[in-house]
Amino acid sequence: MTTGQQPATQPTSGADDEERLPTVAEQMADQLGGWRGLVESSIPVVVFVVVNVVGSLRPAVIASVGVAVLIGGLRLAQRKPVRHAVNGLFGIGIGAAIAWRTGEARDFYLPGILYGIGYGLALLVSAAIRQPLVGWLWSVLVAKGSSAWREDPKLVRTFTGLTVLWGVVWLAKVGVQAALYLAEQDTALGVARLALGYPPYVMLLLITVWTVRRVTRQAEPVPLAGS
């Protein structure tokens, strides 16, 4: 077999695939929207917490939604990606509408709590039925739609374990927020929303990327001596 035929025999593994994968920094930046995305997604919640403490609910709702709209408009004017801004505005808008209707500041955070519970349960169920969501998200976000990991039992186990980890962490952090919601601790709930938002998410992303890359490298074929 000539050396020119070797790449065709290894279409899904090896150094070439590793080079095509985005770097850890690139994957983190894409998922979080960079430092700007981190800051911009937090500003409306900070505004709501502060205005609600020093003022009242309705000004806090108006201020947080106004800031979210302003951030989205600024990104559009600068021709920047608006995906993170739109997602943030959608979440803020629903919470603001519920809080406005009920007159309860804590209801501003209710959609996020319900979403977190649903997401955490979906992760655990997907792991239980051997269709780990983290693996499928990896296929979409990193592997350009490839589902080759389904053919590798080790990767299936890896993604299953990672999915369980994501589900447990997600339910733990939403459990803290739910407890504060039921205790009617509005300000503490806002602080918890910020503190338990991106830090656990960043940790889980780092663990996921590092683990999958390590397992993928270990699965690469070792070249024969003299080849």
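Student: Is Phe159 buried or exposed?

Tutor: The model is predicted, and every value here is computed from it. Phe159 lies in helix H9, residues 153-182. Buried means under 20% relative accessible area. Phe159 has 1% relative accessibility, so the class is buried.

Student: Which residues is Phe159 in contact with, leaving aside its neighbours within four places in sequence?

Tutor: A contact here requires heavy atoms within 4.5 Å. With the neighbours within four places in sequence left aside, the contacts of Phe159 are Pro132, Val134, Gly135, Trp138, Trp149 and Val212.

Student: Why do the buried residues of H8 line one face of the helix?

Tutor: Helix H8 covers residues 133-141, and its residues Val134, Gly135, Trp138 and Ser139 are buried. An α-helix has 3.6 residues a turn, so residues three or four places apart point the same way. Seen down the axis of H8, the buried residues line one face because they fall within an arc of 145°.

Student: What is the geometry of the pair formed by the rings of Trp149 and Phe159?

Tutor: Trp149 is in the loop between H8 and H9, while Phe159 is in helix H9, 10 residues apart. Both Trp149 and Phe159 are buried. The ring centres of Trp149 and Phe159 are 5.1 Å apart. Planes over 60 degrees apart count as edge-to-face, and these planes stand at 65°, so the pair is edge-to-face.

Student: What is the angle between the planes of Trp166 and Tyr201?

Tutor: This pair links helix H9, which holds Trp166, to helix H11 (residues 198-218), which holds Tyr201, 35 residues apart. Trp166 counts as buried because its relative accessibility is 6%, and Tyr201 counts as buried because its value is 17%. The pair is edge-to-face, with 5.8 Å centre to centre and a plane angle of 85°.

Student: Which residues do ring pairs link into a cluster?

Tutor: A search of the whole structure gives 11 aromatic pairs. Ring pairs join these residues into a cluster: Tyr115, Tyr119, Trp166, Trp170 and Tyr201.

Student: Over the face of which residue does Arg106 lie?

Tutor: For comparison, Arg58 lies over the face of Trp100, at 4.2 Å from the ring centre. Arg106 is at 4.5 Å from the centre of the ring concerned, which belongs to Tyr181.

Student: How many helices are there in the protein?

Tutor: Of the 227 residues, 35% count as buried. The protein has 0 strands, and its helices number 11.

Notes. Residues are numbered from 1 along each chain as its sequence is written. This is a predicted model: local features need pLDDT of at least 70, side-chain atom pairs count only at pLDDT 80 or more; totals for chains, interfaces and linings use all residues. Side-chain values use heavy atoms; hydrogens and water are left out. Helices (H or I, at least four residues) and strands (E, at least two) are DSSP runs, numbered from the N terminus. Buried means under 20% relative accessible area, exposed over 50%, partly exposed in between (1.4 Å probe, protein chains only). The arc is that of the directions from the helix axis to the C-beta atoms. Rings of Phe, Tyr and Trp (its six-membered ring) pair if their centres lie within 6.5 Å; planes under 30 degrees apart count as stacked, over 60 as edge-to-face and the rest as tilted. A charge sits over a ring if NZ of Lys or CZ of Arg is within 6 Å of the ring centre and within 35 degrees of the ring normal.
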